[in-house]
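Please read the following note alongside the sequence and the model. The points treat the contact between two chains and then the surroundings of a ligand.

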Amino acid sequence: MAMFVLALVVLVGWKLFQGSQLTLHKFGWRFLVQSDWDPVNENYGALPFIFGTFVSSIIGVLIALPLSVGTAIYLTELAPNWLRQPVMMLIEMLAAIPSVILGLWGIFVMVPWLRDWPFPFLKKTLGFTPFFQGPIYGVSILAAGIIIAIMILPIITSVSREILRSVPDSQREAAYALGATRWEVTRIAVLSYAKRGIFGATMLGLGRALGETMAVTMVIGNRPEIAKSLFAPGYTLASAIANEFSEATTEVYLSAIFELGLVLLLVTIVTNIVAQLLIGNFGVGKRVPAGH
Amino acid sequence: MTLNSIPLSRLAGQATGIEASSVTPSPVAFDVRDLNIWFGSHQVLFDVALQVPARAVTAIIGPSGCGKSTLLRSLNRMHDLVPSARMEGRITLFGEDLYSKKIDPTLVRRRIGMVFQKSNPFPTMSIAENVTVGLRLNGLRKSDLLQERLETSLRMAALWDEVKDRLNAPAISLSGGQQQRLCIARALAVQPEVLLMDEPASALDPIATAHIEDLILDLKKEFTIVIVTHNMQQAARISEHTAFFYLGKLVEFDTTTKIFTTPAQKQTEDYVTGRFG
Ligand SMILES: Nc1ncnc2c1ncn2[C@@H]1O[C@H](COP(=O)(O)OP(=O)(O)O)[C@@H](O)[C@H]1O
Ligand SMILES: [Mg+2]
């Protein structure tokens, strides 16, 4: 099984590599650092997509992480037994919502709401920083980050929960015996023991976030720009591939799309490997994240 | 020795499980009365009553599964953390009801140090941090005071000389015996009144065990110590009083000399002479 997955990944990577020969030769490393994406003049730079991918993913992780870890702590350390299973099931149901449905909800419910309430509020309170300036369209990198947070919440929560559950009770007892309160036990015995694993869970969530396509495409605005403001529309590698491969009429254009795919594949693989290495130490989470 | 040769008066005393006057001339630390403990519907301790003398070592012996750890953990309210555990009875420490509604269980545990069978230092903390963590929980921040207590505790645990040059090394870089002494230092640092030890040397080699035993003999000058052990020689070497448990009942509680030379109960005699268990 592991061999099969490895072979598949190598094969896909090789195909992407072959498919992107044209742009690899034509632009070299410039492809990664150039910010023009101009199919008409056959000039291709992936920087806006790389930027959009990372910024939206990082926003997603920053939002999801405290919520997920908080929930995982609540579920393993605090919640009464009868409540644990139902809450976890609810969270796992969130993961079962198809991306496109979440995207629809994003467009018709979340984005208008963000545009009318939270975004103007952010602009008023944090508008002095460059990140919350400029016109508010609703569709934006920030909206994409929020959708991503919703999508990666279940995975980070459930892996963190397994990590926390793998903390030996002898660690908790050591802290309790010193007269620690529940919260102190969680802090000194549980979280410090689990922090590497939780970092791994976060990386796993990041891996998901980077490749998330459908829902993000629907709320990010799809404009290959690099703007400081999080209210501005953006574009991600995955969205660009999904949107533009059918329009890629020239060979160079197609090659550029393939190269975007190659970049995305490499980035997600590296992230996932790091995540698995961190989590693997805890003897849990030996799961391969599902693709999109 | 057969059951028939035991004077009736002794038997009567044993039937209640205590013989306070003959056993405890020194002040009483723990006074356990009518203690019954269940896990779910499974009763583990039956009507246990015993008085643990202060500033002495009391050993708890008995075959495995007889409820020794369960008794020990009731003394610092560790069962509060096990949802299925239920307790009846009364336990006082120096006259104060440990299970009173008014008392905060975390404060109880702060007064009563505990050392576990398997050493459990905090792996992400250094040697020094492990020792001072309880103090820092109590809000102690002054570094010279922490430093002082760090040294005192490590000295009391007979570990200072071995670690004084690497206090900031990770706790898990120590050997098994050192880790257990580190756990003892950690328990001592918060200056508890009592030290509970659950087979603290059972995972250690003979040299490390001897270290721990010497340490216990030293500590009993200042602390009340209750130690669970399955090692009869160890109980004989270090304790003044010994309680023998069998199937959740306190069979006999007396001076260690008595338990090991002229026990009142046949079961005790069989156990200490190695005929079962
Ligand atoms: N947390 C628990 N939940 C359920 N049963 C327990 C628990 N702890 C101990 N027991 C049961 O209580 C009995 C006594 O255990 P214990 O006090 O650990 O014995 P000892 O320390 O003498 O070996 C055993 O039958 C054990 O299975
Ligand atoms: Mg035990």
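1. Between chain B and chain A there is one salt bridge, a term used here for a side-chain nitrogen of Lys or Arg within 4 Å of a carboxyl oxygen of Asp or Glu. Its partners are the side chains of A:Glu173 and B:Arg73, with an N to O distance of 2.6 Å.

2. This is a predicted model, in which local features need pLDDT of at least 70 and side-chain atom pairs count only at pLDDT 80 or more, while totals for chains, interfaces and linings use all residues. Residues are numbered from 1 along each chain as its sequence is written, chains are lettered from A and ligands numbered from 1 in the order in which they are written, and side-chain values use heavy atoms, with hydrogens and water left out.

3. Five residue pairs, both members at pLDDT 80 or more, are in polar contact between chain B and chain A. A polar contact is a pair of N or O atoms within 3.5 Å; within protein, one must be able to donate a hydrogen and the other to accept it, and residues adjacent in sequence count only if both atoms are side-chain atoms. By class, the side of chain B that touches chain A has 13 nonpolar, four polar and four charged residues. In this classification Ala, Val, Leu, Ile, Met, Phe, Trp, Tyr, Cys and Pro are nonpolar, Asp, Glu, Lys and Arg are charged, and the others, Gly among them, are polar.

4. The contact (heavy atoms within 4.5 Å) draws 21 residues from chain B and 18 residues from chain A. The buried area is about 1,700 Å², and carbon and sulfur atoms give 65% of this; buried area is the accessible area (1.4 Å probe) that two parts lose on being put together, summed over both. In chain B, the residues that lose the most area to chain A are B:Phe122, B:Thr124 and B:Leu137, together 32% of what that side buries.

5. A polar side-chain atom of B:Ser69 lies 2.6 Å from one ligand oxygen atom. For B:Lys68, a polar backbone atom is 2.9 Å from an oxygen atom of ligand 1, and for B:Cys66 a backbone N or O atom lies 3.3 Å from one.
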